[in-house]
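Here's a walk through one model, from its overall build down to a few packing details. Have the sequence and the coordinates open as you read.

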Amino acid sequence: MNGTVILVEIDVTSPAGETSTLRFADRAIRPFPPTAAGKANLVWDDRLKEPPAFREALFEDVTTLTPSLGAGTLQLVNTDHALDAYQAFAWGEIRIWRWTEGTPFSAAVSMLKGLCGLAEVDATVRVPLYDYRAELEKAIQETLYAGGNGVGGVLYEGVAGGLKGRPKPLALGDLTGAHIPGPQVNAGQRVHQLHDGPIQGNVQIFDGGVDAGYAAQGDLSGAAFDGATPAAASYRTDIGRGLVKINGAPVLGLTFGCKGDKAGGTYVETPGPVLARLLAKGGVPAERIGASVPGLASASVVGVFASEPVNAMDLAAFVGRSALAAVLPDREGVWQAIPFAPPAETADFALAFDQIVDFRPEPAPAPVGEIRVGWGRIYTTFSRTELKASVRDTDDEERLAAEYRYAVVADEGVKARFPKAWATVTIDTALRTEAAAEALAEALRGIVGLRPDGAPRRMWKAPIVNDDAALAVHLGATVAVDYPPLGVAENFLLVARDLFRPQRRDQAVWTLWG
């Protein structure tokens, strides 16, 4: 690892709106030569105290399977106060590489591309860092109702004392039977909106938990829909705008079902394509949505609805769980879908004994004896008095009272061997069918259940020499470990990684599951 240097670029914007790039290194190096492609004659200021902490994880806790990323604080030496001039600047994107001096910059290994927080400028400049998940830490729907009905021809924006300022609904995938609460966007015309945009259709209207009995009179668009009056006890749709116009008085309360978003003329209902649309809706540019997202290998049908402020990252994780996948930006800031799976028989990478600094087990979690997968989400639940009499005292009454139904897979062997110590894993998903939920529960048992030899799975920590080959290994890879001091020679799943070990830029810490 001799001759390696950590290089940092940070884009900063002045109060006047002018953008420039600051460049730092963790030790003194010569300026880049005139022949350095794209980096000719660049000077790197040796102010970097040490590389910032950065951790990426498929999951930290097997009972939640929640992916995570975390970046620390960049510290720059400023005893000469040369960086004071940047105190009022906005510190934007940061790029970090590991480079071997004397090699072309094209051979440098990207360590992190992310975003800077507010810089604290003193004798040491401290800059909090964020990975690109930060761009989804906001409400998924930023289009709000204007509340201007009746003014200048506005028909479907609600009124000032009602919908104004509330997010317009989003409906993606198959939401038939989901009892979504489509808001009434024009009370006088009895128009409800199911989605902020075009939908596939298959519209359902429920009253008090059952079919409302309104007759469909077809689909109209634009002015034809605006001026139409459905016959009594009937309805019309404008699927190009996600609208439903009803002529009838509900007895208890209306809820809806539909097949949702049809942006660009294409309807999608499987996890990968739905995730891609969620990321795009959250503002992620197309070039930073990796092919692994729409290409996620799952044919299960999902549905997602939001009519209140919902965090975009939470919604992406919700859909990702439906395919047993983590949805995370990689070190280049490109969003990827990373499937969960047990360690494969054939390893993607072999961790040699002389590359392992230490290898030790973490405390074993409680063995999983039961897995519960939530499916068929009901977006409006009902108390007994909110249901029509025909539903009461039926199986549907129980179903409509709960947000999720659960597919349950029990491991009786675990329960018998560990009667007082087994754990339950419960995950809620966007899956719409029981069969898909059962299949996912079985797949999950292969990850969190007992090993083939009957022993419980556990985490292992491995500080390692972090060479370029190790850096290229992706989360979710199967890693072969040969560690004679503990008699370990088997395959593990790489579930987490700290890219820099404190005070040791040449080492990383891997967390392995197996």
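## Ground rules

Helices (H or I, at least four residues) and strands (E, at least two) are DSSP runs, numbered from the N terminus. With that in hand, A224 sits in helix α1 (residues 222-227).

This is a predicted model, so local features need pLDDT of at least 70 and side-chain atom pairs count only at pLDDT 80 or more, while totals for chains, interfaces and linings use all residues. Residues are numbered from 1 along each chain as its sequence is written, and side-chain values use heavy atoms, with hydrogens and water left out.

## The big picture

The protein chain has 7 helices and 29 strands. Its C-alpha trace spans about 80 × 70 × 35 Å along the principal axes. Of the 514 residues, 51% are buried, where buried means under 20% relative accessible area, exposed means over 50%, and partly exposed is in between (1.4 Å probe, protein chains only).

Contact here means heavy atoms within 4.5 Å. Take the contacts between residues at least 6 apart in sequence: 68% of them join residues at least 24 apart.

Back to A224 for a moment: with 43% relative accessibility, A224 counts as partly exposed. The C-alpha atoms of A224 and D238 are 9.3 Å apart, and the two residues are separated by 14 residues along the chain.

## A mixed sheet with a helix on it

Two strands pair if DSSP finds at least two bridges between them. On that basis, there's an open sheet of 3 strands in the order β24-β23-β25, with mixed pairing. The edge strands, each pairing on one side only, are β24 (405-410) and β25 (423-428). From one strand to the next, the twist averages 20°.

What is the mix? Strand β23 (residues 368-375) pairs with β24 in the antiparallel sense over 6 bridges, and β23 pairs with β25 in the parallel sense, also over 6 bridges. R372 has bridge partners on both strands: V408 in β24 and T426 in β25. E370 has A410 as its bridge partner in β24. Since 7 of its 8 residues are buried, β23 is largely enclosed by the rest of the structure.

Helix α6 (residues 434-448) packs on this sheet and touches β23, β24 and β25. The direction of α6 makes about 150° with that of β23; angles run from 0 to 180 degrees between N-to-C directions, and axes are lines fitted to C-alpha atoms, for helices over the stretch in contact.

## Two helices side by side

How do α2 and α3 cross? The axes of helix α2 (residues 271-281) and helix α3 (residues 312-321) come within 9 Å and cross at roughly 175°. That makes α2 roughly antiparallel to α3 (under 35 degrees counts as roughly parallel, over 145 as roughly antiparallel, 65 to 115 as roughly perpendicular and the rest as oblique). P271, V274, L275 and L278 of α2 meet L315, A316, V319 and G320 of α3. Those residues divide into 7 nonpolar, 1 polar and no charged, counting Ala, Val, Leu, Ile, Met, Phe, Trp, Tyr, Cys and Pro as nonpolar, Asp, Glu, Lys and Arg as charged, and the others, Gly among them, as polar.

α3 is mostly covered, with 9 of its 10 residues buried. Among them are M313, F318 and R321. The buried residues of α3 pack against α2, β18 (303-306), β19 (325-329), β20 (335-339), β25 and α6.

A search of the whole structure turns up 14 aromatic pairs. Rings of Phe, Tyr and Trp (its six-membered ring) pair if their centres lie within 6.5 Å; planes under 30 degrees apart count as stacked, over 60 as edge-to-face and the rest as tilted.

One of the pairs is F32 with F105, tilted at 6.0 Å centre to centre and 55° between the planes. F32 lies in the loop between β2 (19-25) and β3 (54-57) and F105 in the loop between β6 (90-100) and β7 (109-116), so the pair ties together parts 73 residues apart in sequence. F32 is buried at 5% relative accessible area, and F105 also counts as buried, at 16%. F32, W44, W97, W99 and F105 form one aromatic cluster.
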